[in-house]
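Please look through the sequence and the model shown here before reading on, and keep them at hand while you follow the paragraphs below.

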2 protein chains.
Amino acid sequence: MRELKAHFLPLLVSPEKLAGAAVVVIDVLRATTTITHALAAGAREVIACLEVDEARQLAARFGKGEALLGGEREGLKIEGFDLGNSPTEFTPESVGGRTIVFSTTNGTRAMMHCEQAKTVLLGALVNRAAVCTALAGEDRIHLLCAGTRGEITREDVLFAGAAIDMLTSANPEGFELNDQAILAADAWRVALPLNQRNSPATREPALIRALRNTQGGRNLRRIGLEADIPDAARLDTFDLVPCFDPPSRRITA
Amino acid sequence: MRELKAHFLPLLVSPEKLAGAAVVVIDVLRATTTITHALAAGAREVIACLEVDEARQLAARFGKGEALLGGEREGLKIEGFDLGNSPTEFTPESVGGRTIVFSTTNGTRAMMHCEQAKTVLLGALVNRAAVCTALAGEDRIHLLCAGTRGEITREDVLFAGAAIDMLTSANPEGFELNDQAILAADAWRVALPLNQRNSPATREPALIRALRNTQGGRNLRRIGLEADIPDAARLDTFDLVPCFDPPSRRITA
């Protein structure tokens, strides 16, 4: 039996319990979606930073034009930064060949919770299939939802459910799920009913609707960034898995 | 808009956030189910205790035959106690007219987390409708899942979903739900699909199946107490709401 556990917040699992496991860090709205976009657009690497000042100092060490500052506070672009946290800002023109020094609180905290993991992948709906393929040989899989300021957010749980659905579809008996994994799979089943899965014409509207009614979705609507929701809802779009290296905090494809 | 929030564990909400609210404490397998059974069987009151020694000392203060010791450790009856934590042990013959000094770790901890609440009700599938009726006039409702040793348990989330389903059915727009409340409602919808709800012949098997595949259900099966699962699955059976008084730790109907 392969172990497949979901954790709805970093505080619900100790770093020791993640030791030696393949961990997927999830921050669907929007850090892991945006980082996937950035690497797909040809960014050389993303460096995750907790603090804004730290990000500024780190970016200053690069040569002119080599690094860009990206990230958000309260959902909005940070003053003096080159980029915010909207997936579509990260185009080949803006980020191609460059390092992105990226400051986002919840996603970075979740990544740094995985220092003892065997591998740390970043997951979002846009690269779900690629993440599941990368987990094919793993016997201990932990899906770690970032949440927001210590609160469980449904958008992250939905991705956990989407990954569990795909991982277990071929052999449901081959996995031992914890209760959070079962709950996540239930949430996914309700968000995207079986009869709406196979056609993009029904799948995309269902996922956009689901993401709109999440803590992150409501917040994006409140601050005028709801255009980011459809970009985060594009299931299985990028064949790319960002991988986080805890000592250097570098994220590469 | 009425506030309707679920919390999958006590550690996910501060006691201050519960101040002034109507809180429903949930420990479906089995404390809140069993306490409902005990009061329905005519027990005079239940007193919640965290520690076994504390329960023994408290029971010793009562006159001969007035109080019984009940509760569990690791699911099993405590040595020297009169009763374990199986609902059907609490019959009119065994508990009628008596005080039950009851020691159970997770349920008691969750109750003691509500010291600042306006009212603290105990909820289980067996008294779901009665709990929802009791909440009719409340504008701030918090559903607090006990979990097990700091882990989210699906059986408690399922009850939260069952309560949310009933509370919001007449007027879905009248409530503001947090993401955990939406997730709980999703879990309930998957556990008991609409087409299986109206007949006991389909409802009970579905709920038994759902409870068997929860952390508490798996544990009961492991220790040979799976007969308790159908007793906990009998939806809307008792028209009785246990009410917890934090200062005295007394639970009465």
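How many of the 13 residues of α7(A) are buried? In this predicted model, the helix α7(A) is mostly covered, for 11 of its 13 residues are buried, where buried means a relative accessible area under 20%. The buried residues of α7(A) are Asp179(A), Gln180(A), Ala181(A), Ile182(A), Leu183(A), Ala184(A), Ala185(A), Asp186(A), Ala187(A), Trp188(A) and Ala191(A). The length of this helix can be checked as well: at 1.5 Å a residue, the 13 residues of helix α7 (residues 179-191) of chain A should span 18 Å, and the C-alpha atoms at its ends are 18 Å apart, which agrees with that expectation.

Chain B is superposed on chain A by a rotation of 180 degrees with 0.0 Å of shift along the axis, and the RMSD is 0.0 Å. That is the relation of a two-fold axis. The same surface serves both copies, since 100% of the contact residues of chain B recur in chain A.

Some residues of both chains also belong to the largest nonpolar core, which has 94 residues. Those that touch the most other members of this core are Phe8(A), Leu143(A), Ile152(A), Phe8(B), Leu143(B) and Ile152(B). If neighbours within four places in sequence are left aside, Ile152(A) is in contact with Phe8(A), Leu9(A), Val157(A) and Gln215(A) in its own chain, and with Phe8(B), Leu12(B), Ile152(B), Asp179(B), Gln180(B) and Leu183(B) in chain B.

The next feature concerns aromatic rings. A pair of aromatic rings is described by the distance of the centres and the angle of the planes. Over all chains the count comes to 3 aromatic pairs. One of them is formed by Phe90(A) and Phe102(A), whose rings are edge-to-face, at 6.2 Å centre to centre and with 70 degrees between the planes. Phe90(A) lies in the loop between β5 (76-77) and α3 (92-95) of chain A, while Phe102(A) lies in strand β6 (residues 99-103) of chain A, so the pair ties together parts that are 12 residues apart in sequence. Phe90(A) is buried, with a relative accessible area of 4%, and Phe102(A) is buried as well, with a relative accessible area of 2%. In chain B, Phe90(B) and Phe102(B) form an edge-to-face pair, with 6.2 Å centre to centre and 70 degrees between the planes.

The loop between β5 and α3 of chain B is also the place of Gly84(B), a residue that counts as buried at 3% relative accessibility. Leaving aside neighbours within four places in sequence, Gly84(B) is in contact with Gly70(B), Gly71(B), Lys77(B), Glu89(B), Phe90(B) and Phe102(B), and the last two of these residues are the partners in the aromatic pair of chain B. Gly84(B) and Thr104(B) are 20 residues apart in sequence, and their C-alpha atoms are 9.8 Å apart in space.

Finally, where is Arg197(B) found? Arg197(B) is in the loop between α7 (179-191) and α8 (200-212) of chain B, and this residue is buried, with a relative accessible area of 13%. A polar atom of the side chain of Arg197(B) lies 2.8 Å from the backbone oxygen of Leu192(B). Not counting residues up to four places away in sequence, Arg197(B) touches Asp165(B), Trp188(B), Arg189(B), Leu192(B) and Arg203(B).

How values were computed
Residues are numbered from 1 along each chain as its sequence is written. Chains are lettered from A and ligands numbered from 1 in the order in which they are written. This is a predicted model: local features need pLDDT of at least 70, side-chain atom pairs count only at pLDDT 80 or more; totals for chains, interfaces and linings use all residues. Side-chain values use heavy atoms; hydrogens and water are left out. Helices (H or I, at least four residues) and strands (E, at least two) are DSSP runs, numbered from the N terminus. The expected span of a helix is 1.5 Å times one less than its number of residues. Buried means under 20% relative accessible area, exposed over 50%, partly exposed in between (1.4 Å probe, protein chains only). Copies are superposed by least squares on the C-alpha atoms of residues with pLDDT of at least 70 in both. Contact means heavy atoms within 4.5 Å. A polar contact is a pair of N or O atoms within 3.5 Å; within protein, one must be able to donate a hydrogen and the other to accept it, and residues adjacent in sequence count only if both atoms are side-chain atoms. Rings of Phe, Tyr and Trp (its six-membered ring) pair if their centres lie within 6.5 Å; planes under 30 degrees apart count as stacked, over 60 as edge-to-face and the rest as tilted. A nonpolar core is a set of buried Ala, Val, Leu, Ile, Met, Phe, Trp, Tyr and Cys residues joined through side-chain atoms within 4.5 Å.
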